[in-house]
Amino acid sequence: MTTSQLAVTRTSGVTTAAGFRAAGVAAGIKVSGAPDLTLVVNEGPSDAAAAVFTTNKVKAAPVLWSQQAVSDNRLRAVVLNSGGANACTGPEGFQDTHRTAEHVAEVLGVSAVDVAVCSTGLIGERLPMDALLSGVDKAAQALAATAEAGLDAATAVMTTDTHPKQSALTHPAGFSIGGFVKGAGMLAPNLATMLSVITTDAVIEPARLDAILKATTKVTYDRLDVDGGTSTNDTVLVLASGASGVAPSEEDFAEALRAVCHDLVRQLQGDAEGVTKEVAITVQGAASERDAETVARAIARDSLVKTAFFGSDPNWGRILMALGNAPAHIEADKIDVILNGVTVCQGGTRAADREGADLSGRDIEVLIDLHVGDAAATVLTTDLSHGYVEENSAYSS
């Protein structure tokens, strides 16, 4: 069974898999009073876990803590807050994270080193700890295994997101995977400002779970590049309860995890800040997959290309300009550019009239053929709109 054949639903998330309870509550961290604290608990029997974190050298306190907590590939719970990133807050910020994990551990009767902590929001501000800790108590009391609880969990992590994002599937082999993600800006490779928690009731060894997660993020989360900004807080966590009793093949589990992650990434793309166009850039005929990804990413990040997409302008000259800056093997007189099925550039020069390429809809498919090899890769991006500039120019105020 291929990834495209797996039935992914968006009506449930982290509580789809057996052995998990979740909650999302309003703790009072956000001035608005909106939900801002999420708790996800793995009740076993297994406590296998894996994680991938931001590669940004400026890492938030929760990232530093969670890297230590999951170093043995085992977790029992994850607590997440929106309304503050707890990044660039010094030793005091790390102490706040430690204190949060200890409080969760005390409430749940587990060890603090088995609790991951995630935060998202404005960088440089301490968290209101009284509100956060009382929120943990409130969330613990609200824990449930219902679809509604899973949706609450996905909702309480939102910042500039306009709606919660969750996905799940039950595999014919008898195991389930579900998860949520938040993020709308500062979306770039090495994850995307993005937090994601995924749960599964499959029986899987921690080392195998870790390897599959790392391989999956490289072709899902890492292939979304909205604005080139890698966050200080990016975190993807996978928790496995083993409650189904099913030990799937590595191939089946990897395909299912990829299907859920891919759907979550598409939701991130569709809700990116200021988005009016959802763009898929595929580069084929490259000398290597690395080259293909590098070229696609150069196009995805270029401001002139992105503004052309916003204006529905099939300006293939900007695309060639952008890809020509990529550190990859490129021969200018071999490049083809196809926009929404219309070949506008062939052999590095004008082909059909560019006006024949209709980019007026929301979806734009860009296909580049370098004709120098057999490798291919796809990167997802968005346009650069007035809305993106306006939202990000006033984020901290």
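**Charged pairs and the buried interior**

K165 is buried, its relative accessible area being 0%, where buried means under 20% relative accessible area, exposed means over 50%, and partly exposed lies in between, with a 1.4 Å probe and protein chains only. The model is a predicted one, in which local features need pLDDT of at least 70 and side-chain atom pairs count only at pLDDT 80 or more, whereas totals for chains, interfaces and linings use all residues. Residues are numbered from 1 along each chain as its sequence is written, and side-chain values use heavy atoms, with hydrogens and water left out.

The side chain of K165 meets that of D271 in a salt bridge, at 2.7 Å from N to O; the term stands for a side-chain nitrogen of Lys or Arg within 4 Å of a carboxyl oxygen of Asp or Glu. D271 is likewise buried, with a relative accessible area of 6%.

The structure holds 16 salt bridges. One of them joins R74 to D47, with the closest N and O atoms 2.7 Å apart. This pair links distant parts of the chain, 27 residues apart, since R74 sits in the loop between α1 (61–69) and β4 (77–82) and D47 in the loop between β2 (37–42) and β3 (48–53); helices (H or I, at least four residues) and strands (E, at least two) are DSSP runs, numbered from the N terminus. R74 counts as partly exposed at 33% relative accessibility, whereas D47, at 15%, counts as buried.

A further salt bridge is formed by the side chains of E278 and R266, at 3.7 Å from N to O. Because E278 lies in strand β10 (residues 278–286) and R266 in helix α6 (residues 250–270), the pair ties together parts that are 12 residues apart in sequence. E278 counts as buried at 13% relative accessibility, while R266 is partly exposed, with a relative accessible area of 33%. Elsewhere, salt bridges that share partners join R223, D225, E289, E293, R297 and R301 into one network.

What surrounds S119? This residue is found in strand β5 (residues 115–120) and counts as buried at 2% relative accessibility. Leaving aside neighbours within four places in sequence, S119 is in contact (heavy atoms within 4.5 Å) with P62, N81, G84, A85, N86, L127, L195 and N233. With N81 the side chain of S119 makes a side-chain polar contact at 2.5 Å, a polar contact being a pair of N or O atoms within 3.5 Å of which, within protein, one must be able to donate a hydrogen and the other to accept it, while residues adjacent in sequence count only if both atoms are side-chain atoms. The C-alpha atoms of S119 and F175, by contrast, are separated by 29 Å, the two residues being 56 apart along the chain.

In soluble globular proteins, nonpolar side chains tend to be buried together.

Finally, the cysteines: a search of the whole structure finds zero disulfides, that is, pairs of cysteine sulfur atoms within 2.5 Å. For C88 the nearest cysteine sulfur, that of C118, is 17 Å away. For C261 the nearest is again that of C118, at 15 Å, and C261 counts as buried at 0% relative accessibility.
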